[in-house]
Amino acid sequence: MGSGRRSHLPAPTRARLGSSTWRSSMHPSSRRPAAATSNPAMLLLLLCLGWAPPGWGWSRGSSRGAAGLRPNATTPISIMGLMPVNQSEEESRITQGVLPAVYLAMDQIRNESLLSPYYLDLLVYDTECDNAKGLKAFYDAIKFGPNHLMVFGGVCATVTSIIAESLKGWNLVQLSFAATTPELADKKKYPYFFRTVPSDNAVNPAILKLLKHYHWKRVGTLTQDVQRFSEVRNNLTGVLDGKDIEISDTESFSDDPCTSVKKLKGNDVRIILGQFNEEMAVKVFCCAYDEEMYGSKYQWIIPGWYENLWWEAWINSSQCLSKNLLTAMEGYIGVDFEPLSSKTNKTISGRTPQQYEKEYNARRGDGQSSKFHGYAYDGIWVIARTLQRAMNYLNSTNKHQKIEDFNYSNQKLGNIFLNAMNETRFFGVTGDVVFKNGERMGTIKFTQFQEQKEVKVGEYNAVDDTLVIINNSIRFQGVEPPKDKTIIQEELRKISLPLYSILSALTILGMIMASAFLFFNIKNRNQKLIKMSSPYMNNLIILGGMLSYASIFLFGLDGSFVSEKTFETLCTVRTWILTVGYTTAFGAMFAKTWRVHAIFKNVKMKKKIIKDQKLLGIVGGMLLIDLCILICWQVVDPLRRTVEKYNMEPDPAGRDISIRPILEHCENTHMTIWLGIVYAYKGLLMLFGCFLAWETRNVSIPALNDSKYIGMSVYNVGIMCIIGAAVSFLTRDQPNVQFCIVALVIIFCSTITLCLVFVPKLITLRTNPDAATQNRRFQFTQNQKKEDSKTSTSVTSVNQASTSRLEGLQSENHRLRMKITELDKDLEEVTMQLQDTPEKTTYIKQNHYQDLNDILSIRNFTDGKDGEKAILKNHLDQNPPAQWGSSDPSRTSKDAIEDINSPEHIQRRLSLQLPILHHAYLPSIGGVDASCASPCVSPSASPRHRHVPPSFRVMVSGL
């Protein structure tokens with residue numbers, strides 16, 4: 001491209017153009033010196049000899065020779081050729097490479113009489129790729145040469161741009177075949193400039209098409225700090241703008257590209273569009289090798305106009321081994337214009353591109369070849385077709401004006417030539433020749449570096465805007481084209497289906513076990529053992545366990561099973577189910593324990609009947625607290641589905657993607673606060689249960705007391721919950737482990753609780769049903785039975801009483817206690833009267849003797865034993881009522897008072913007051929041992945009552 005597209009040819013200092021052949025060894029007498037000759041001494045000698053050239057250029061001498069010329073092509077049309085001819089200039093090789101093609105085209109045009117009666121006469125002026133010399137050659141040609149109708153050439157970018165900017169003042173149209181600099185595309189600055197070669201910017205639409213073909217939507221650019229490359233980069237930005245392709249990073253460098261390459265890698269740029277020359281290309285690929293930016297994950301797209309084996313000339317200037325350099329270069333794609341069309345269609349000359357290439361090679365012989373020769377060939381045909389169109393236009397509009405009438409001040413003919421060239425279109429050896437605003441709409445080829453050689457893999461036709469990729473020619477380092485970025489594939493960390501199935505099976509077994517316990521509890525609800533253990537509470541315990549089991553199914557459902565909306569609903573449902581299930585199970589268990597505690601620890605509560613309805617109310621109150629917390633939670637700060645993203649991981653399958661694990665959670669804004677409230681409430685509930693279990697640990701009626709099993713259950717549940725919560729928090733990024741821990745904790749806690757509650761009952765019911773109502777704590781030894789046979793008989797009779805009568809006796813006992821209270825009030829009144837008026841003793845005897853009998857009848861009703869009644873009767877016989885209230889009239893009043901306070905009277909009063917005081921007052925001051933609260937225990941067993949005389953002990957026992 002431009003000065004960078006170089007070919008080598010031994011350029012002569014002068015050449016005679018316009019004849020049927022290019023005679024590189026013409027005799028000096030048949031040639032005239034160029035105006036821009038490089039030998040001033042020879043020019044001065046010629047001037048001294050009197051030779052005055054009509055113009056600076058190659059003359060049209062009569063000694064040119066007419067061999068092969070048709071008689072009607074007799075009038076030459078001068079074309080100014082501006083090219084580097086000096087052999088010392090590297091760019092002159094381009095001129096030597098294209099001249100055979102130029103001569104071939106001119107001969108074919110003249111032979112076909114395309115411009116009859118004219119023929120093209122190209123006068124070459126040496127620009128030497130120097131701005132000053134090139135501009136001087138142009139002005140010398142204008143001043144001393146003939147009227148040139150057009151300018152053909154322009155190889156060096158700087159010289160061409162200077163001359164092209166001044167063309168408008170001379171009404172000259174310039175056509176270049178090698179100037180590719182993007183700057184010349186500015187039509188405001190260069191309105192009379194055309195070129196048959198696509199500009200450097202012409203590759204950008206082709207690159208856009210390639211990016212779309214492979215669905216690359218994210219690229220980066222790496223540009224050498226040279227104006228030519230910067231212009232291409234800027235144009236590429238405009239081309240990609242609005243095409244859904246992102247330039248994620250733009251890097252440039254002057255001498256060391258490694259920093260820029262490292263930045264591209266840091267920004268995860270996979271598709272790199274490079275603009276740099278061969279020398280910098282070696283450095284770039286060395287840096288790419290060091291940064292491992294090559295292979296299946298990266299694709300480099302660079303200019304394709306480098307010379308063959310271009311890296312060999314610069315490998316020594318880098319610190320990179322040739323092997324490493326070739327490794328990094330493998331697979332890069334080069335983009336450049338197509339030197340010759342690959343189509344087999346006939347061109348405007350009647351020859352196919354392949355036929356033309358054979359003729360060109362035959363014409364140049366062993367001379368230097370240039371990849372611009374096809375564009376130079378088509379350029380001559382463009383000039384011929386432009387002049388032909390202009391001739392036709394002049395013939396149709398003004399028969400008196402000819403094209404040879406053109407001069408540099410003839411703006412009308414200049415515009416005609418300009419418009420005619422802009423409308424020229426034909427199929428040439430380089431493809432369709434079409435101009436759009438002076439720019440060639442040509443064909444762009446794609447080559448790929450494969451095994452140390454360039455291989456054509458596709459081409460882009462700018463006219464049709466089509467891209468053709470040659471089948472199976474392009475080879476990527478991986479199994480598929482590289483990705484334009486690190487493809488982050490979000491992968492939901494889901495619960496393993498086999499794990500979910502196994503834990504679900506265990507849960508189903510647990511629910512079957514719970515159902516079996518429920519069936520057992522309902523079926524045996526009338527059995528003494530089950531009836532005394534509150535079957536309704538047992539049902540609630542089972543229900544809570546089954547709700548806890550059911551929550552496991554919901555904890556295992558994630559995004560792989562349900563939708564996002566359903567998952568969000570499950571967040572709330574499973575929380576409610578687990579919370580309610582826990583409270584139902586343990587609330588019922590603790591309510592049962594509270595009743596045992598109330599009966600056996602608080603004596604006053606023995607005056608009330610604690611039925612299952614009250615226990616259900618207690619459980620309902622606990623559930624009401626749960627519902628209040630859950631409803632507030634749901635209304636104020638409901639649970640939402642949140643997604644937690646983790647660090648990227650390489651694909652296990654080796655694909656060019658990165659896996660970003662994501663995990664679904666049920667969370668809200670103040671998750672910690674709500675969990676703290678729930679945990680605090682459940683913790684207090686468990687502490688209360690532990691307290692009740694400890695307080696009732698000595699109550700040994702198996703059917704009533706589950707304190708030992710409750711303690712074991714609370715211990716296991718507490719330990720498992722603490723361990724499970726800690727492990728679950730630490731494994732929140734591993735859903736399988738977390739679900740497994742949570743599920744096993746729930747299964748273990750529910751199973752162990754149900755088993756501790758029901759398995760002992762089941763075993764007891766099957767082995768020894770009567771043991772449920774036996775109180776092992778109050779069994780007496782044989783010595784105790786002999787010492788107090790009557791009391792022992794009473795206690796034994798109570799222990800052997802039917803449990804079915806227990807509730808009825810408790811109710812009757814309550815009624816009798818009320819009557820005792822009423823009698824106690826009366827007795828207190830009588831006592832006060834006895835203390836004040838001794839004369840009222842007879843009143844006591846007459847009015848309260850019947851009440852005393854009623855008190856004694858209470859014991860007879862409770863026990864139904866005649867023996868104790870006989871004892872009481874003997875006691876009364878020893879203290880007859882007549883003596884109790886009698887008084888000797890002969891005694892004084894003082895003697896009467898002393899007689900009332902005598903030990904005999906005091907003993908008689910105590911015989912009436914002590915039994916009543918024992919049951920009515922002593923419980924309130926702690927006079928009765930808690931162990932004696934059982935209806936099966938005789939008060940005589942308490943050490944506090946052993947000082948009471950035997951007669952009074954019998955009465956206390958009876959009450």
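## A buried tryptophan and its partners

Trp-310 has a relative accessible area of 4%, so this residue counts as buried under the 20% limit. The model in which this is seen is a predicted one. Tyr-332, at 2% relative accessibility, is likewise classed as buried, and Phe-285 is buried too.

## Aromatic pairs and a cluster

The model holds 30 aromatic pairs. In one of them, Phe-285 and Tyr-332 are tilted, with 5.7 Å from centre to centre and 35 degrees between the planes. Because Phe-285 belongs to helix α8 (residues 278-290) whereas Tyr-332 sits in the loop between α9 (322-329) and β10 (333-337), this pair ties together parts that are 47 residues apart in sequence.

Tyr-332 also pairs with Trp-310, here edge-to-face, at 6.5 Å centre to centre and 65 degrees between the planes. Trp-310 lies in the loop between β9 (299-303) and α9, and Tyr-332 in the loop between α9 and β10, so the parts tied together are 22 residues apart in sequence. One aromatic cluster includes Phe-285, Trp-310 and Tyr-332, along with Phe-229, Trp-300, Trp-305, Tyr-306, Trp-311 and Phe-449.

## Nonpolar cores

The largest nonpolar core comprises 108 residues, and Leu-120, Phe-152 and Phe-177 have the most contacts inside it. Helix α11 (residues 373-397) gives the most to this core, with twelve residues. Apart from this core lies another, of 54 residues, among them Ile-552, Ala-598, Val-678 and Ile-746.

Ile-502, Leu-506, Ile-508, Leu-509, Ile-512 and Leu-744 make a nonpolar surface patch of about 550 Å², to which helix α13 (residues 497-523) gives the most, with five residues. Leu-509, which lies in helix α13, is exposed, with a relative accessible area of 54%.

Terms used: Residues are numbered from 1 along each chain as its sequence is written. This is a predicted model: local features need pLDDT of at least 70, side-chain atom pairs count only at pLDDT 80 or more; totals for chains, interfaces and linings use all residues. Side-chain values use heavy atoms; hydrogens and water are left out. Patches are made of residues with over 30% relative accessible area and no salt bridge: like charges are joined within 9 Å, nonpolar side chains (Val, Leu, Ile, Met, Phe, Trp, Tyr) within 5 Å. Accessible areas come from the Shrake-Rupley method with a 1.4 Å probe; for residues, only the protein chains shown count as cover. A salt bridge is a side-chain nitrogen of Lys or Arg within 4 Å of a carboxyl oxygen of Asp or Glu. Helices (H or I, at least four residues) and strands (E, at least two) are DSSP runs, numbered from the N terminus. Buried means under 20% relative accessible area, exposed over 50%, partly exposed in between (1.4 Å probe, protein chains only). A nonpolar core is a set of buried Ala, Val, Leu, Ile, Met, Phe, Trp, Tyr and Cys residues joined through side-chain atoms within 4.5 Å. Rings of Phe, Tyr and Trp (its six-membered ring) pair if their centres lie within 6.5 Å; planes under 30 degrees apart count as stacked, over 60 as edge-to-face and the rest as tilted.
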